[in-house]
Amino acid sequence: MSSSSFPIASGPLARRQRRRAVISYGDRQVVVGGGAPVMVQSMTNTDTADAIGTAIQIKDLARAGSEVVRITVNSPEAAAAVPAIREQLDRMGVDVPLVGDFHYNGHTLLNDYPDCAQALSKYRINPGNVGKGAKRDTQFAQMIEVACRYDKPVRIGVNWGSLDQALLARIMDENAQRKEPWPAQAVMYEALVTSAIENAQRAEELGMDGNKIILSCKVSGVQDLIAVYRELANRCDYPLHLGLTEAGMGSKGIVASTAALSVLLQEGIGDTIRISLTPEPGGDRTREVIVGQEILQTMGLRKFTPMVIACPGCGRTTSTVFQDLADKIQTYLREQMPVWKGVYPGVESMNVAVMGCIVNGPGESKHANIGISLPGTGESPAAPVFIDGEKRMTLRGDRIAEEFQSIVLEYVQSHYSKQTAA
Ligand code: SF4
């Protein structure tokens, strides 16, 4: 390799130039595009008609860090509940903007339930589910008219599971006229991108401010998503919402979402993300928020919560002490963040290392703000603690976890308090 290739470049490509959309509620403003940090959003899975249950889940998602929360508005009962959900959130001091997800009957619900239309901060419109034939254009126009009336932004959210069939037929006809027709996959990509852009342009023709339109084109395959968004990013400058739809459960959902979104984010594509994980039965919905944050934070795009660096463990660790400690500290740090982020500015940049033995323990711990190297098999039962690169103390006994947590708290209080920062 030539030495002229140094210094080695790092980081994502420059963000693509996008328009700037604002989703607001009261004094809270969430900016999407226009160079704003990539925003994390989520969606509830409660019955929206259950106002209290939905408000509680929204509060949990917001507390976990969701900057916008989407709720399905699928029935008159759901639409009627939206103002009550908003009021309940206000009573709980939760000012996260709400997005209404509309399919099939959105034009009717938005017209019949003006308090719902007003309480929402954004509408998601799926152009494939707005209506069929002549009704389609009319009903789409009705939704845009309500958005304009209440001055709300919209997301034109195309999904290949519900692609506008008339548009797909048109693109297929155009393809059949080509001397060398495109493969079916390329036709599908073209239909997705065309649907998003044509509907955005149609909304602007209907009077919508172009700075109030966000686009998405969700598919469930990693390579499909990357291909579609690259094309979408090249063809328009609306802010883009990224998400691998129906990503799936457990590690598969996380891995697939991470693989797809990382490639796009690295290329400077994407202004807001949602991780569409299927929760395990009884699982915690906030996981999708945490995964979204972790994707952005591990890529160095944003900082949300102190990161715990932990080794995987190996034959040198014969007990679960270090796994328990890594888990406890990670959970502790995340649980503190809703309070800490207001009291200890910059704490989200902190790194904590929890290592299993002397092989990499001291070295890795020295790179972190605080690190602990637990004793591996055959080592004396002592755990040196490193603070800002220097060994400061050694913990022993069966209260190592509690003592280490206290050391972390003291570090946070002494290094990130507002007075210290000032
Ligand atoms: S730091 Fe020690 S325990 Fe952890 S993986 Fe490396 S050798 Fe194994």
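Me: Where is Glu246 found?
Reply: This is a predicted model. Take the strands on either side of Glu246: they are S9 (241-242) and S10 (248-249). Glu246 is found in the loop between strand S9 and strand S10.

Me: Is Glu246 buried or exposed?
Reply: Exposed means over 50% relative accessible area. Glu246 has a relative accessible area of 52%, so Glu246 is exposed.

Me: What is phi of Glu246 near?
Reply: Most residues other than glycine have a negative phi. Glu246 is a residue other than glycine, yet its phi is positive. The value is near 50 degrees.

Me: What is phi of Tyr104 near, and where is Tyr104 found?
Reply: Tyr104 also has a positive phi in a residue other than glycine, near 65 degrees.

Me: Is Tyr104 buried or exposed?
Reply: The cut-off for exposed is over 50%. Tyr104 has a relative accessible area of 61%, so Tyr104 is exposed.

Me: Is Ser257 buried or exposed?
Reply: Ser257 is found in helix H9 (residues 250-266). Buried means under 20% relative accessible area. Ser257 has 1%, so Ser257 is buried.

Me: Which backbone oxygen does the side chain of Ser257 reach?
Reply: A polar contact needs N or O atoms within 3.5 Å. The side chain of Ser257 reaches a backbone oxygen at 2.9 Å. That oxygen belongs to Gly253.

Me: Which residues does Ser257 touch, not counting residues up to four places away in sequence?
Reply: Contact means heavy atoms within 4.5 Å. With residues up to four places away in sequence not counted, Ser257 touches Leu244, Ala247, Ile275 and Ile295.

Note on methods. Residues are numbered from 1 along each chain as its sequence is written. This is a predicted model: local features need pLDDT of at least 70, side-chain atom pairs count only at pLDDT 80 or more; totals for chains, interfaces and linings use all residues. Side-chain values use heavy atoms; hydrogens and water are left out. Helices (H or I, at least four residues) and strands (E, at least two) are DSSP runs, numbered from the N terminus. Buried means under 20% relative accessible area, exposed over 50%, partly exposed in between (1.4 Å probe, protein chains only). A polar contact is a pair of N or O atoms within 3.5 Å; within protein, one must be able to donate a hydrogen and the other to accept it, and residues adjacent in sequence count only if both atoms are side-chain atoms.
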